[in-house]
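Hi there,

Here is the structure I promised to pass on to you.

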Amino acid sequence: FRPVPMLGGAKAIHEPWRNTLAHLMYALDWERIAEADVDLEVIRFLKGKPLEIMQAMAQKGLNSPLASSAGRLFDAVAAAVGICRESAGFEGQAAIELEALAAGQFKQQADFAYGFELKDGYLGWTPLWSGLLKDLRQGVAPGIIAARFHQGVAAAVAETASRLCRQFAIQTLVLSGGVFQNRLLLERVTELAQNQGLDVLSPTVTPLNDGGLSLGQALVAMASWRQCRANTPSSA
């Protein structure tokens with residue numbers, strides 16, 4: 001995903017509105033949106049925040065590390081539709097509630113997925129935010145917006161993965177990472193990738209999130225150690 005500043009560093013995890021602001025600043029023309037969409041609830045909310053300070057932080061890279069994680073995008077969209085906008089009690093809360101909101105409308109919105117763009121090797125979300133703001137203007141229900149968002153992310157991941165598999169002649173796609181604890185996303189990406197003729201795997205014994213990552217790192221370290229031992233002449 002295209003990196004976006006975490007305005008305030010770790011605060012962005014517990015105050016999801018910071019992620020909404022960062023994405024709108026980087027995906028669209030924030031100044032134009034702030035003027036044209038002043039009647040939108042989320043825009044009025046953001047305009048009540050110290051925007052000049054936030055913009056200066058982003059421009060100078062002050063306490064605003066770049067993040068390309070799916071989690072911050074989910075936080076941003078959740079806050080945009082009113083979920084955990086001001087604060088979240090724990091990392092992942094906004095994303096969990098957004099998934100629950102989307103579940104009832106998910107299948108019906110398959111043909112209305114928000115768009116994405118692939119530019120300079122990154123997935124970008126300008127089409128997604130344009131579509132989401134349009135729906136907010138038209139008063140589309142938050143559950144439908146959440147479902148269209150999930151469908152859009154699933155399509156973006158599946159299409160990008162399928163393209164890379166074709167490029168490198170890979171037949172098997174492995175889905176892992178904390179974002180795939182989201183069942184809607186896991187099942188839809190699996191379906192779309194299988195429709196492209198790929199074999200799709202996902203962890204069932206090891207955790208999808210950082211626990212599985214840690215196990216993988218340990219296995220790589222063990223393999224490297226064994227190779228080093230094998231290549232080191234034994235002492236006389």
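Predicted model: local features only at pLDDT ≥ 70, side-chain atom pairs only at ≥ 80, totals over all residues.

Let me start with the core. The largest nonpolar core holds 67 residues, and those touching the most other members are L21, L24, W30, L98, W129 and F149. Helix α9 (residues 142-167) gives the largest share of this core, with eleven residues. If you zoom in on W30, you will see that, leaving out residues up to four places away in sequence, W30 touches L21, L24, M25, I43, L46, K47, L51 and Q55.

Next, R72, which sits in helix α6 (residues 70-80). R72 counts as buried because its relative accessibility is 8%, under the 20% cut-off. Its side chain makes a polar contact with the side chain of D75 at 2.9 Å. Beyond its neighbours within four places in sequence, R72 is in contact with M6, I13, N19, H23, A67 and E91.

The largest has about 670 Å³ of space and a lining of 27 residues, with G71, G178, V179, F180 and Q181 nearest its centre. Two or more lining residues come from each of α6, α7 (93-103) and α11 (210-231), and the largest share, five residues, is from α6. By class, this lining has eleven nonpolar, eleven polar and five charged residues.

The second largest pocket has about 190 Å³ of space. Helix α10 (residues 183-195) gives the largest share of its lining, four residues. Four of the lining residues are nonpolar, one is polar and four are charged.

Best wishes

Technical notes:
Residues numbered from 1 in each chain as written. Heavy atoms only, no water. Core = buried A, V, L, I, M, F, W, Y, C linked by side-chain atoms within 4.5 Å. Buried < 20%, exposed > 50% of the residue type's maximum accessible area, 1.4 Å probe, protein only. Contact = heavy atoms within 4.5 Å. Polar contact = N/O pair within 3.5 Å; in protein donor to acceptor, adjacent residues only side chain to side chain. 1 Å grid on protein atoms, 1.4 Å probe; cavity = no way out; pocket = protein on both sides within 12 Å on 5 of 7 lines; lining within 4 Å. Points joined across faces, edges and corners; volume = space filled by probe spheres on them. Nonpolar A, V, L, I, M, F, W, Y, C, P; charged D, E, K, R; others polar.
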